[in-house]
Amino acid sequence: MNTVSTSQTTTSTTYTNLATTGPAVTLATDTSAIVIATAEISNNTASKQCKMGFAVSGATTMAASDTYATWATSAGANGIYQMSGMFYVTGLTAGNNTFTAKYAAVSNTCTFVNRTLIVIAQASVATCSDTTPDAFSFTNQTNVSTSTLTNSDIIQLSGFNCTVNTAISGSGSPAYRTCSDSGCSTVVQDWTTGASSIASGQYIQARLTSSSTGGVQYNAVLIAGNGSTSWGVATAGDCSGSPAVGTGCSDGTVYAGQSADGNVKMYVTRCNAGQTWNSGTSTCDGSAWTLNWNNGTTNWTDTGYYSANTGRANTTGLAALADAGSPHNAAQYCENLDEDGHTDWYLPAKNELATIYGGKAAIGNFINDWYWTSTENYTDDAWSHDFTDGSQSLSTKSNALYVRCARR
């Protein structure tokens with residue numbers, strides 16, 4: 001593997017070197033090799049293409065061409081795209097071969113940064129009858145905090161009959177390790193950025209450091225034998241403009257849509273009450289709590305907080321009560337919550353929770369069960385929302401239901 005970090009440009013419409021040639025990799029190959037080319041690519045004009053390919057010299061002479069090239073098409077001027085391409089190159093002449101990255105602009109000016117070339121000779125697996133693993137993939141991670149070292153899930157590779165080569169490339173300094181068990185308690189190959197190998201039945205895990213900028217996805221390409229997968233880690237985005245529902249904001253909250261009483265932006269926590277966000281795995285750790293709307297007794301009281309739109313006012317009022325039904329546990333939990341740098345959380349009102357349910361899939365981490373709203377109906381019941389089918393119903397206040405807090 002070799003990398004050139006310097007930002008350099010070309011306007012050439014045929015494959016050429018940049019001011020700094022390469023990167024280049026020289027190694028002994030048999031008649032085939034796997035080549036991975038990756039770079040951050042941009043064009044100064046919208047809808048124009050830039051290409052990164054490679055030429056081969058030494059025992060083999062092969063010019064760079066579109067057959068073995070990764071392309072980026074700019075959606076907007078100067079947009080930056082992290083591109084990776086993996087190519088299985090055959091027809092090589094056995095011997096020492098040098099693979100050198102080459103670059104071209106379909107038109108206008110193309111810029112290339114953090115250019116990496118990885119070449120894996122296939123000689124060591126040439127005697128294997130099957131070097132292609134069964135399809136494998138990691139779970140992409142979203143709404144990750146910026147500049148965070150993030151681990152993938154651990155997956156088992158199978159379906160091949162010998163030890164095969166492994167390699168990784170991409171953004172965020174990706175690395176991987178191989179293990180003999182599903183929890184990686186016994187490590188075969190510790191974290192590495194270079195070439196290694198894996199046997200059928202062993203496990204593999206990747207990691208990379210997320211972007212320092214919100215709303216950016218870094219990708220890593222992992223190769224095992226003649227199989228590969230791409231894994232993405234996206235940082236929380238910018239919620240200052242008109243974000244899409246489900247956008248993870250830079251402060252750690254998730255945009256949930258417009259309020260029902262005046263089109264005010266609403267945000268929710270990433271997890272349910274009782275859980276904590278694990279930025280390393282992009283999952284909610286711990287078990288979600290179920291809470292009573294009141295204090296869990298049959299000491300029914302009419303609180304007077306019937307608003308279907310203003311959960312903030314409902315929550316403040318319920319938390320301040322000192323009646324026979326106090327403390328009102330669901331509202332009190334949100335009132336006391338200090339998370340993501342905010343202390344103004346509240347239990348959503350009936351219509352607010354309906355809006356949140358509308359973004360259920362995009363927001364994520366909900367349980368297919370009933371959630372409390374802060375909207376009272378009568379002395380002994382309040383409104384709840386079923387996150388299985390979206391229906392709303394009345395539930396006895398002493399029932400224990402799930403809670404997701406919101407803020408504006």
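Visitor: Is Thr-209 buried, partly exposed or exposed, and why?
Guide: Keep in mind that we're looking at a predicted model. Thr-209 is found in strand S17, which covers residues 203-209. Buried would need under 20% relative accessible area and exposed would need over 50%. Because its relative accessibility is 30%, Thr-209 counts as partly exposed.

Visitor: How far apart in space are Thr-209 and Met-83?
Guide: Along the sequence, 126 residues separate Thr-209 from Met-83. In space, going C-alpha to C-alpha, the distance is 17 Å.

Visitor: Okay, on to strands. Do S20 and S21 run parallel or antiparallel, and how many bridges join them?
Guide: S20 takes in residues 254-258 and S21 takes in residues 265-268. They form a hairpin, with 6 residues between them. The two strands run antiparallel, and the number of bridges joining them is 4.

Visitor: Which residue in the turn of that hairpin has a positive phi?
Guide: Look at the turn between S20 and S21. The phi there is about 155°, and the residue that has it is Gly-262.

Visitor: Which residue in S21 is the bridge partner of Val-254?
Guide: S20 is residues 254-258, so we begin from its residue 254 and look across to S21, residues 265-268. The partner there is Val-268.

Visitor: Now for the spaces. Which strand gives the most residues to the lining of the largest pocket?
Guide: That pocket holds about 260 Å³ of space. It has 17 lining residues, and among those closest to its centre are Thr-116, Gly-170 and Ser-171. The elements giving two or more residues are S4 (32-43), S9 (110-121) and S13 (164-170). With 3 residues, the one that gives the most is S13.

Visitor: How many residues in that pocket's lining are polar?
Guide: The lining of the largest pocket has 4 nonpolar residues and 1 charged residue. The polar ones number 12.

Visitor: And what is the volume of the largest cavity?
Guide: The count comes to 1 cavity of 30 Å³ or more. Its lining includes Thr-269, Tyr-333 and Arg-404, and the lining residues divide into 6 nonpolar, 3 polar and 2 charged. The volume of the largest cavity is about 50 Å³.

Visitor: Are the rings of Phe-54 and Phe-99 stacked, edge-to-face or tilted, and why?
Guide: Phe-54 belongs to S5 and Phe-99 to S8, 45 residues apart, and this pair links distant parts of the chain. Both residues are buried. Their ring centres are 6.3 Å apart, with 55° between the planes. Stacked needs under 30 degrees and edge-to-face needs over 60, so this pair is tilted.

Visitor: Which residue has its charged end over the ring of Phe-366?
Guide: Phe-366 is part of an aromatic cluster with Tyr-357, Tyr-371, Phe-387 and Tyr-402. The charged end sits 4.0 Å from the centre of the Phe-366 ring, and it belongs to Arg-404.

Visitor: Which residue lies over the face of Trp-383?
Guide: Here we go to the ring of Trp-383 and look over its face. At 4.6 Å from the ring centre lies Lys-350.

How values were computed: Residues numbered from 1 in each chain as written. Predicted model: local features only at pLDDT ≥ 70, side-chain atom pairs only at ≥ 80, totals over all residues. Heavy atoms only, no water. Pairing = 2+ DSSP bridges. 1 Å grid on protein atoms, 1.4 Å probe; cavity = no way out; pocket = protein on both sides within 12 Å on 5 of 7 lines; lining within 4 Å. Points joined across faces, edges and corners; volume = space filled by probe spheres on them. Nonpolar A, V, L, I, M, F, W, Y, C, P; charged D, E, K, R; others polar. Phe/Tyr/Trp six-rings, centres within 6.5 Å; stacked < 30°, edge-to-face > 60°. Buried < 20%, exposed > 50% of the residue type's maximum accessible area, 1.4 Å probe, protein only. Lys NZ or Arg CZ within 6 Å of the ring centre and 35° of its normal.
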